[in-house]
Amino acid sequence: MREQKATILVVDDEPGVRKLLNRFIQSGGHTVIEAVNGRQALDIFREQRPDLILTDLHMVEMGGMDLLKHIVLESPVTPVIIISGMGTKDDCVEALRLGAWDYLDKPVYSKELVIHAINGSLERARLLEKEEKHRQYLEKEIKKRTGELVAKNRELEQEISQRRIQEELVIHTKKEWERLVDSMPDFIAIVDRNFKFVRMNKSMAEKLNEDVWELCGKTCFLCVHGTEKKPDYCPHVKLLRDGKQHTVEIYEELIGGHYELTVIPYRDADGTLLGSVHVARDINQRKKTELEKDKLKSELLHAQKLESVGRLAAGIAHEINTPTQYVGTNIEFLDESFKDIAELVGRIQEVLDSSKGKGISADQVKDLEDALEEADWDYIAEEVPRAIRQSKEGVQRVTSIVQAMKEFSHPGSKEKVVADMNRIIETTVNVSRNEWKYVADLKTDLDPDLPKVMCLTDEMGQAILNMIVNAAHAIAESRKGNDEEKGMISIRTSHDEKSVEIRISDTGSGIPEAVRNRIFDPFFTTKDVGRGTGQGLAITHDVISEKHGGFIAFETKVGEGTTFIIKLPIAAG
C-alpha cells in the first residue's frame, strides 16, 4: 500500500493517550492536530479539514459517537477511526454502522497497528475519491454521449433521406481518388498474400506496357522482375512475416533503373493482414546526384592531396638536402683520402719492387714511415670508416623519405584493402616531418599487435596528415612570442575486440567552446586567411565516418590542448 502524508486529528481526553498516538503517527510521517473532546474536535474539523480523525469513544463533552455522526453528516468522505478501551462489541458495531472506517481497542501498544489502520483508511479514502471523480466523469460523458447520439440520430435521419445523393457522391469520390492515384508518377499497387496484384495505378501499368485489369491477378515478381522466383531482398516477404513497413532500394531495368520501394501493411476493417501497398519512387535522378556528389568529394580529396603533396614537397626537399649534403661532403673526403692512399700504395710498391731478393733496407723503411706520416694514415684509418657509415646513414634517410613520399602520394585502390594503420601513421609522420619539427616534437606509441583494418589507404593517409598538420598549426598558434619551447604531438594506437583506436594529441591552445560544434563543418576554419581552407577536418570526418563506418570525436581543454579520437572497425577474419 502506498503511504500518504496527511494531517490527522487525534481526539482523546487522556493526555497520555494523545501523546502516545502523536508519537506513533508522526513516526509514520503524518502531521497531528490534538483535541480533548468531541466539541473541540468538531470546531477544529470545520476550520482545518484534517485528512483523518482518530477519536476516543467515551469523552465528557461530546463523545466519539456524536462526533462521528456530525462528521458523517458534514463530510462522509473523511475517514473516522474509533479507538476505545471502554466500548463493547455493540459499540463497535454501532460505530461502524454509523460510518466509522475502523475500530481499535485500547490500550494501543502497537505503532504498526495504528499506522496500518491510518494508511489503510487514507488509501481507501483516496480510492473512493478517485471512484467518485470517475463516476462524475462517467455521468458527464454519458450525458455528453447521449446528446451526441441524439444529434447523430437526427443526422442519420437526414442521411437516410439523402442516401441516393450520398451514394452518388461516394461513386464520384471514388473516381476522383482513382484519378488522383493514377495521376501520381510513383508506381502504386496492392499485392495480396499470394504475391498477386489486386490493384495498381495507371503509371505502373503503363511502365509494364499492359492494361490495369490485365495485370490484376498476375504474380508481381514475374511482371516486375521477369523471374519466377522472389528476389532475396523482397520487402513483401518481410512484411508478411512481421506486419511492418519496409523500404529498400532496387535496380530493375524492366521498370527503368533505380527505385525506392516501400511496402505498407494492407489490412481489412478487422485488422487482418491482407497484403501490402507497394509504392515505388523513381530515384534515378537522386542516384545521379549522389554519384556527382561522390565524384565531387573524390575530386576535392584529390585536390587536397595534391595540395598536401605540393606543400610537403619543399619540406621534403629540405629533409633530403641535409643528408645529401653530408653524403657529398664525405664523398669529397673519401676522394681526397683515396689520392693519399693511392700515393702511399705507390711508394710501398716501389719499395717492394726494389727490394726483391735483397730485403728491405733501413733507408727504405724510413722512406715508408715518412710516406705514412705524409699521408696521415692514422687520421685516414679513423675517419674513412666513419665517413662511409655516415654516408650509408644519409642514403638510408633519403631512401626512407622517398619511400614514404612514394607511399603517401601513390594513388590508392578505389576498393578498400586490408591495411596496417601503424604503417600508414609512420609513413605520414615521415613525409610531414617538415610541417611539425620546428614547432613540436612528435612521439608515437603504436600497438605492436594492432589488428588490420579495411580501408582506402590513400584517403586514410590524407586524413592522418590533416590531423598532424592541424595539431602542428594549433601548437604554432599557441607558441606565438615563444620560439624557444617546443610543443608535443603524441600519436597512440590501441584496440579492443571490435575496433582500432587512434589518439592524436597536441599541446596547443585547445578549441574554444563557442566553435566546438562547428569544427567538422566544411569551409569552417579558425586559422588566419591563407593558412586554412576549412576542408581538412571536414574531409577527415567524411573519410572516417562516411567511407569507413568509423567514429571521430575530440577531447579539448582551452589552454592545454586537444586529443582527437578515431575508431575504425577491425577487418573481418
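Is K547 buried, exposed or partly exposed? At 22% relative accessibility, K547 counts as partly exposed, because that class begins where buried, under 20%, ends. The model examined here is predicted.

The chain has 573 residues, and 39% of them count as buried. It contains 17 helices and 17 strands. Its accessible surface comes to about 34,600 Å². Carbon and sulfur atoms hold 53% of that surface. Among contacts with a separation of 6 or more, 63% join residues 24 or more positions apart.

Salt bridges number 22 in the chain. One of them involves K547, which pairs with E459. The closest N and O atoms of E459 and K547 are 3.0 Å apart. This pair links distant parts of the chain: E459 sits in helix α16 (residues 457-478) and K547 in helix α17 (residues 536-547), 88 residues apart. E459 is buried, with a relative accessible area of 11%.

A second salt bridge joins D186 to R281, with the closest N and O atoms 2.6 Å apart. The two residues are 95 positions apart and again link distant parts of the chain. D186 lies in the loop between α6 (163-183) and β6 (187-192), while R281 belongs to strand β10. D186 counts as buried at 12% relative accessibility. R281 is partly exposed, at 44%.

E34 and R18 form another salt bridge, their closest N and O atoms being 3.4 Å apart. E34 lies in strand β2 (residues 31-35) and R18 in helix α1 (residues 15-27), so the bridge ties together parts that are 16 residues apart in sequence. R18 is buried, at 12% relative accessibility. E34 is partly exposed, with a relative accessible area of 33%.

I283 lies in the loop between β10 (273-282) and α11. Its relative accessible area is 4%, so I283 is buried. Beyond its neighbours within four places in sequence, I283 is in contact with E249, H258, Y259 and E260. The C-alpha atoms of I283 and Y251 are 9.8 Å apart, although the two residues are 32 positions apart in sequence.

The surface also carries a negative patch. It is formed by E332, D335, E336, D340, E343, E373, D376 and D378. Helix α11 (residues 284-354) supplies the largest share of this patch, five residues. E332 is placed in helix α11. E332 counts as exposed because its relative accessibility is 55%.

Technical notes: Residues are numbered from 1 along each chain as its sequence is written. This is a predicted model: local features need pLDDT of at least 70, side-chain atom pairs count only at pLDDT 80 or more; totals for chains, interfaces and linings use all residues. Side-chain values use heavy atoms; hydrogens and water are left out. Patches are made of residues with over 30% relative accessible area and no salt bridge: like charges are joined within 9 Å, nonpolar side chains (Val, Leu, Ile, Met, Phe, Trp, Tyr) within 5 Å. Accessible areas come from the Shrake-Rupley method with a 1.4 Å probe; for residues, only the protein chains shown count as cover. A salt bridge is a side-chain nitrogen of Lys or Arg within 4 Å of a carboxyl oxygen of Asp or Glu. Lys and Arg count as positive and Asp and Glu as negative; His and the chain ends are not counted. The place of a charge is taken as NZ of Lys, CZ of Arg, CG of Asp or CD of Glu. Helices (H or I, at least four residues) and strands (E, at least two) are DSSP runs, numbered from the N terminus. Buried means under 20% relative accessible area, exposed over 50%, partly exposed in between (1.4 Å probe, protein chains only). Contact means heavy atoms within 4.5 Å.
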